[in-house]
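Dear colleague,

Please find below the structure that I am handing over to you.

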Amino acid sequence: MIEQLSANRSHGGIQGVYKHQSKVTGTEMVFSVFVPDCAPGEKLPVVWYLSGLTCTHANVTEKGEFRRACAELGLIFVAPDTSPRGEGVTDDPAGSYDFGLGAGFYVDATQEPFSHHYRMWSYVTEELPRVIESEFPSDLERQSIMGHSMGGHGALTIGLAFPDRYRAVSAFSPITAPSQVPWGQKALRGYLGDDVSAWRKHDAVALIEDGSHIPDLLVDQGDADQFLHEQLRPELLRDACKAAAIPLTLRLQPGYDHSYYFISTFMADHLQWHAARL
């Protein structure tokens, strides 16, 4: 059962925002869905978009500039939140932006007290797809996944974990190897504990090294991104894909930073790339 919070007509479709009670996280969860106009009974392919640190569904919904392309290509666009929220949901005691609320890292936490609510892996891969399938004219035999930064990490790891489910995977400025960078090390240790072997299934480079394979991959990265060298490390993904013979289109975009000015510039390119595979 979902509750519609808003609905606006845009580019020949409806942009909606919804909430529901999640059994997986034990909280209310908010997500947005854009549905292009379609014939009665018609089912459309679905593109999942996972957002980055500090974001909610609203960042891409308001700034991503995806609706025109989705309407032209006939794609449903789904944007979940980045973490559980609400009363009783534990935040980072230090109050930092890169762990806790807004920073679920798309894992199922095993460490107390985060394991009570922080189950974003199961929410994104299991529970929310069932909601989308039951409530919207969606064809989950044709779905793909993309994301930005922390959400790029989520899109890569989920796509690699379920290669038969997602027909296309792409990312903007992804955290490619979280086990090797400060953002990822903090999050994976906090949510999953000190056993680094448990981190590998949530690390795209490690997954590829361990044998996960997808047909191809598209990544855009701005060369003026302030997080490029310390946190994102696209060269590690390039080297892993080369060793595993995974075709990677890695585009280093001159002058672009980490913001939605960058994402919105190349969003239509990514959606066209997805549509060709859906």
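Among contacts in the protein between residues at least 6 apart in sequence, what percentage join residues at least 24 apart? The share is 72%, where a contact means heavy atoms within 4.5 Å.

Please note that this is a predicted model, in which local features need pLDDT of at least 70 and side-chain atom pairs count only at pLDDT 80 or more, while totals for chains, interfaces and linings use all residues. Residues are numbered from 1 along each chain as its sequence is written, and side-chain values use heavy atoms, with hydrogens and water left out.

Of the 278 residues, 58% are buried (buried is under 20% relative accessible area, exposed over 50%, partly exposed in between, with a 1.4 Å probe and protein chains only).

The structure contains 15 salt bridges, each being a side-chain nitrogen of Lys or Arg within 4 Å of a carboxyl oxygen of Asp or Glu. One of them joins Arg85 to Asp81, with the closest N and O atoms 2.7 Å apart. Arg85 is partly exposed at 28% relative accessible area, whereas Asp81 is buried at 6%.

Another salt bridge links Arg251 and Asp269 at 3.6 Å, N to O. Arg251 belongs to strand S9 (residues 248-253) and Asp269 to helix H9 (residues 260-277), so the pair ties together parts 18 residues apart in sequence. Helices (H or I, at least four residues) and strands (E, at least two) are DSSP runs, numbered from the N terminus.

Yours sincerely
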